[in-house]
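Have a look at the model first.

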Amino acid sequence: MILSIVLFLESIGGGELMMIMLFVLLFFGSKKIPDLAKGLGRGMREFKDAMNGVQNEIRQNINETENAMKDETPKIASHPLSQPITKTETAVEETIKEVPPANNAVN
């Protein structure tokens with residue numbers, strides 16, 4: 001914001017700036033200028049406070065959402081492929097038990 005003000009003031013010459021100040025002085029009077037500056041300062045402060053309040057509220061909601069997601073995600077003890085496959089192991093063991101022993105005698 002300050003950069004835009006500085007860029008705007010670069011295109012205004014000294015004489016033009018004096019005319020603007022003279023117009024403000026004549027239009028508002030010397031007693032009203034400090035009150036206008038105070039009001040402008042108060043307005044800018046309130047705007048910044050409101051902007052910071054919105055940013056803080058957004059950050060708080062993001063943190064709450066992240067915490068809720070951490071609580072809801074299931075925890076896996078280990079990698080699923082490192083766990084034994086019990087159904088297949090028992091099926092293989094049962095098949096081995098059912099197969100009759102091979103006849104080793106050669107005719």
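Predicted model: local features only at pLDDT ≥ 70, side-chain atom pairs only at ≥ 80, totals over all residues.

Residues are numbered from 1 along each chain as its sequence is written, and side-chain values use heavy atoms, with hydrogens and water left out.

The protein chain has four helices and zero strands (DSSP runs: helices are H or I, at least four residues; strands are E, at least two; numbered from the N terminus). Of its 107 residues, 1% are buried (under 20% relative accessible area; exposed is over 50%, partly exposed in between; 1.4 Å probe, protein chains only).

Now for helix α2.

| Helix α2 | Value |
|---|---|
| Residues | 14–28 |
| Number of residues | 15 residues |
| First to last C-alpha | 21 Å |

That reach is close to the expected 21 Å (1.5 Å times one less than the number of residues). Zero of the 15 residues of α2 are buried, so the helix lies largely in the open. Just after α2, Gly29 takes a positive phi of about 90°.

There's also a nonpolar surface patch of about 1,100 Å², with Met19, Phe23 and Ile33 among its residues. α2 gives the largest share, nine residues, while α2 and α3 (32–72) each supply at least two. Ile33 sits in helix α3 and, at 31% relative accessibility, counts as partly exposed.

How values were computed:
Patch = residues over 30% accessible without salt bridge, like charges linked within 9 Å, V, L, I, M, F, W, Y side chains within 5 Å. Areas by Shrake-Rupley, 256 points an atom, 1.4 Å probe, with all protein chains shown as cover. Salt bridge = Lys/Arg side-chain N within 4 Å of Asp/Glu carboxyl O.
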